[in-house]
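Reader: I'm new to looking at structures. Could you walk me through a few features, step by step?

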Amino acid sequence: MIKNQAPVKILLIAPLVDTNVTRDNCFGTPGDNTKIVQTISISIATVAAFVPDDFDVQVCDEAIHDIDFACDADIIGITANVVQATRAIEIAKIFRAQGKKIVMGGLHVSLAPEYFCDYADAIVVGELESVADQLFSDMRSGNLQPRYYGSKTDLKNSPAPRWDLFPHDHVLIGSVQISRGCPYDCSFCSVVQYLGHKQRHKDSPQVLSEIQTLYDYGYTNIYLSDDNLTAHKNRAYDIISAIKEWNGAQGRDWIVFAAQASIDLAEKKDLATLCHQAGILDVFVGFETSNKKALAECDKKQNLEVNPVDHCYTLVKTGLRVEPGLIVGFDSDDHSTFQEQFDFFMQLPVGGIRTSLLIAPITTRLYKEMKKNNRIVSEDLKDHALSDTFSTNILPAQMSRADLYIGYLWLNSRLYHPDNFLSRLDLLAENLAPPPWIGHENTSRRMRPQTTVLASTFMRDVMRKVPMASKIIKHASWLIKKNPELKSGINSMLQRYLIDLRIHTMKGLYHHDWVNYSTPPFGIKEGDERLEMIRTADGVG
């Protein structure tokens, strides 16, 4: 039993990600002390829901506020996915030196517990639900076990997250998890190794209750944090139908939902239409590449037998705003890949494009294959994800890591050049269907005050620091004047693009000079610091 502490005090921490290169992290205006984040950690909010009533529980999402390392908590619970792993260990070391008991869990901890066992008194491998009672009982008695092995749970038995513990005035978008698991088997994906292929769903009343809670907190945008919302068509249809009946009804303002789906959603036209009617308007789709050989090698089977350009247009004409994912560095990629991907993605009616290098996270099939063939360059935790070095942890098959970095930087810079963004925005405006509240008896769609404050603050910063910002905004305003029913969609694409462009510029992912090169400058003698680090690590002069 923990002495002189009743009730047991537990602090649950979601570490800051190891790299601040995407808008998924804190993206308040640089120089502004106010931290504004896109979303808060649904992981620790869900864990908090299992904490017994006789415990004193507090939460800390480090993206919002700093950790109180002088706190009087008896137990520190830390969750970690692949991009939080390094920071999670740093936090554990500090608290453990003070004699605190450390419990760690989450995706990366579950997949690679050997990296974390020296820094924790207990590790939860797998999902918490099935072992929660035993874990908290052992905390209460002071008899923590080194490992707890959780099984795949029925989400109908999973409690609603404890959003009452968070400061919502710093957050733009709420989060709801509808399901866990994904039926697909992409070789580079670690999610299926953790959550499995069988998709398990909450029921519709659970989902609507969680959505209503976030609505009551004032959220006007909600992210459905499933890895593939529409893979299980029948269950997705039931839940999305319920969301459709809820959204904008009974005097409620309309909510815009965001989700992830695969490109084959375009073949489920009734489901795509239902998504639009329900207000699920922002959809991330992993296109990855136009290279069929690359899709085959990574087992992206759902993308192989389709025309991705046609499918993207189908989704956009349904009213869905597609954000495509792009990956370079597959074995079948060579030096011509970067131009090919630029040409391909410039055909799409989209705004920003989420780009990445191919990484082999530990325990994935890709990692095991690369490890077997002695092609893993680094076993460092931070290199299991796209870190600030922007280099892959595997040896490419047809180019050096330096050339892969050069090609990636050139491709990202070209895709994010304002002229190229505006070209895609024009395609979007020509094809996007209006949002569902246009022509509806209830047209109320208000913005969250934090969104308005951030937008005005950020736009002032953008006007000062982003080249061609006035041209971009002027052109978007012209498109809105021409298509007033698309105002929300065009503004959403514009703000997201400007946020990304600002962050990419800060992080050196948008190279002002390189956008003028017609091809990647593979032979460049002097590059940035990251290029020199890659060349040095690989023994290149």
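Reader: Which residue in S3 does Leu 12 stand opposite?
Author: Leu 12 stands opposite Gly 77 in S3. Before we go on, note that this is a predicted model, where local features need pLDDT of at least 70, side-chain atom pairs count only at pLDDT 80 or more, and totals for chains, interfaces and linings use all residues. Residues are numbered from 1 along each chain as its sequence is written, and side-chain values use heavy atoms, leaving out hydrogens and water.

Reader: In what sense do S1 and S3 pair, and over how many bridges?
Author: Two strands pair if DSSP finds at least two bridges between them. Strand S1 (residues 8-14) and strand S3 (residues 75-79) pair in the parallel sense over four bridges. Strands (E, at least two residues) and helices (H or I, at least four) are DSSP runs, numbered from the N terminus.

Reader: In what order do the six strands of the open sheet lie?
Author: The order is S2-S1-S3-S4-S5-S6, with parallel pairing. Strand S2 (55-61) and strand S6 (147-149) are the edge strands, each pairing on one side only. From one strand to the next, the twist averages 20°.

Reader: Which strands does helix H2 lie across?
Author: Helix H2 (residues 85-97) lies across S1, S3 and strand S4 (101-105), and runs at about 165° to S4. Angles run from 0 to 180 degrees between N-to-C directions, and axes are lines fitted to C-alpha atoms, for helices over the stretch in contact.

Reader: How are two packed helices described?
Author: By the angle between their axes and the distance between the axes. Take helix H15 (residues 418-431) and helix H18 (residues 487-506): their axes come within 11 Å and cross at roughly 160°. H15 and H18 are therefore roughly antiparallel to each other (the term covers angles over 145 degrees).

Reader: Which residues make that contact of H15 with H18?
Author: Contact means heavy atoms within 4.5 Å. H15 brings Pro 418, Phe 421, Leu 425, Leu 428 and Ala 429, while H18 brings Ile 490, Met 493, Leu 494 and Tyr 497. These divide into nine nonpolar, no polar and no charged. Here Ala, Val, Leu, Ile, Met, Phe, Trp, Tyr, Cys and Pro count as nonpolar, Asp, Glu, Lys and Arg as charged, and the others, Gly among them, as polar.

Reader: How do the axes of H17 and H18 cross?
Author: The axes of helix H17 (residues 469-482) and H18 come within 9 Å and cross at roughly 165°. That makes H17 roughly antiparallel to H18. By class, their contact has nine nonpolar, one polar and one charged residues.

Notes: Parallel < 35°, antiparallel > 145°, perpendicular 65-115°, else oblique.
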